[in-house]
Amino acid sequence: MKLIIAASELIRQALSIPSITEITALGRRETLPPNKLGPNSDVTKLRSVVLGDFLYYTDEVKKSLEGADAVIWTIAISPSKLSTFTWEEACIISRDYAVKGIETTTQLPRHGKTQPLRFIYMNGSNAVRDHTKKPLLMGDYLLMRGDAETKILNYATASNGTVEAQVTKTGIIEDPAQLSAVSKLGRAFLRSLVGLPMINVDVIAAALLDQAINGFEKDTLLNEDLVRIGETRLAAGVYGQKPAHSTDQ
Ligand SMILES: NC(=O)c1ccc[n+]([C@@H]2O[C@H](COP(=O)([O-])OP(=O)(O)OC[C@H]3O[C@@H](n4cnc5c(N)ncnc54)[C@H](OP(=O)(O)O)[C@@H]3O)[C@@H](O)[C@H]2O)c1
């Protein structure tokens, strides 16, 4: 299968999964293979595709994205980086790029492929779709990210079965390997204050890849679903091995 992604832990794991034969890393700069590779990695599967403006796909970029089976969309401005962007930029990068991404990748030729193209929009656990429920804190941002979810799910619904979309309501992502013991304690305290769930970076990556390969359990995955799916996938030990619910192609 051909996968389009843009995040290093996803790429690291995908390089070890035999059923993923082609990984197209879409980004605004060149993507190199991750430093720490997983077991049986095949770096020849990775192809970097650079796009200058994510609202305008050149013919050359479109050509390299043809024939995809799944897209995992991680491009967005996260809350911690909001202050360095204008509101308009944050909306364009977090919502409009994703909508343009699903429109573009799903309209490209997919010769010989009969399965719908699977598009996963990675989002945070507290994005809100219902405008009558605007949160007090970061309300505009959370509604804007909720709008992105609605647009992406509606696009798939209107596609007559050619596109499947999924939204992940991800908790705070932690990379235990990168954190000192003091940082871990500090972050645990912060999380308990704001009441956000968490997930380890290897678990979220495994969950996203599982859904991209095996099909969507449902259109919206909560953090607890992602933890369950990702941990099951990692516990299987061998990448590419099917867990019980799998319908792997
Ligand atoms: N990290 C968390 O704890 C967490 C929790 C819940 C949900 N999420 C969601 O998960 C997704 C990924 O989060 P993350 O933590 O991996 O975020 P991140 O490290 O800030 O990465 C965001 C991605 O967006 C790309 N990007 C940003 N501005 C861009 C632009 N102008 N043009 C093209 N690409 C651009 C970045 O590319 P470059 O590498 O080129 O900068 C990067 O690939 C986001 O939707 C985020 O909201 C994250």
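**Reading the ligand site and the cores**

Author: Start with the ligand. It has 20 residues around it, and R28, R29, K81, R145 and I173 come nearest. Keep in mind that this is a predicted model.

Reader: Which atoms of R28, R145 and I173 face an oxygen atom of the ligand?

Author: Look for pairs of N or O atoms within 3.5 Å, which count as polar contacts. In the side chain of R28, an N or O atom is 2.7 Å from an oxygen atom of the ligand. The side chain of R145 has an N or O atom 2.8 Å from a ligand oxygen.

Reader: How much of the ligand's accessible area does the protein cover?

Author: On its own the ligand has 890 Å² of accessible area, and the protein covers 73% of that.

Reader: Which elements supply at least two residues of the shell around the ligand?

Author: They are α3 (87-107), β5 (117-124) and β7 (172-174). The largest share, three residues, comes from β5. By type, the shell divides into ten nonpolar, six polar and four charged residues.

Reader: Now the inside of the protein. How many residues does the largest nonpolar core have?

Author: A nonpolar core is a set of buried nonpolar residues joined through side-chain atoms within 4.5 Å. The largest one here has 34 residues, and L26, F54, Y57 and W73 have the most contacts inside it. Elements that each supply at least two residues of this core include α2 (59-65), β4 (70-73), α4 (139-157) and β6 (163-170). Its largest share, seven residues, comes from α4.

Reader: What is F54 in contact with, leaving aside its neighbours within four places in sequence?

Author: F54 is in contact with L26, G27, R28, W73, I75, Y97 and K100. Two of the names are L26 and W73, which are also listed for their contacts inside the largest core. There is also a second, separate core of 29 residues, which includes A25, M122, L208 and I213.

Reader: How do I read single residues, then? Is D210 buried or exposed?

Author: Residues under 20% relative accessible area count as buried, and those over 50% as exposed. D210 counts as buried because its relative accessible area is 0%. D210 has its place in helix α6 (residues 201-214). Its side chain makes a polar contact with the side chain of Q211, at 2.9 Å.

Reader: And T157, buried or exposed?

Author: T157 is in helix α4. Its relative accessibility is 67%, so T157 counts as exposed. A polar atom of the T157 side chain lies 2.8 Å from the backbone oxygen of L153.

Reader: Where is T24, and what does T24 touch beyond residues up to four places away in sequence?

Author: T24 is in strand β2 (residues 22-27). With a relative accessible area of 0%, T24 is buried. It touches K2, L3, I4, I5, R47, V49, S64 and L65, not counting residues up to four places away in sequence.

Methods. Residues numbered from 1 in each chain as written. Predicted model: local features only at pLDDT ≥ 70, side-chain atom pairs only at ≥ 80, totals over all residues. Heavy atoms only, no water. Near = heavy atom within 4 Å. Polar contact = N/O pair within 3.5 Å; in protein donor to acceptor, adjacent residues only side chain to side chain. Areas by Shrake-Rupley, 256 points an atom, 1.4 Å probe, with all protein chains shown as cover. Nonpolar A, V, L, I, M, F, W, Y, C, P; charged D, E, K, R; others polar. Buried < 20%, exposed > 50% of the residue type's maximum accessible area, 1.4 Å probe, protein only. Contact = heavy atoms within 4.5 Å.
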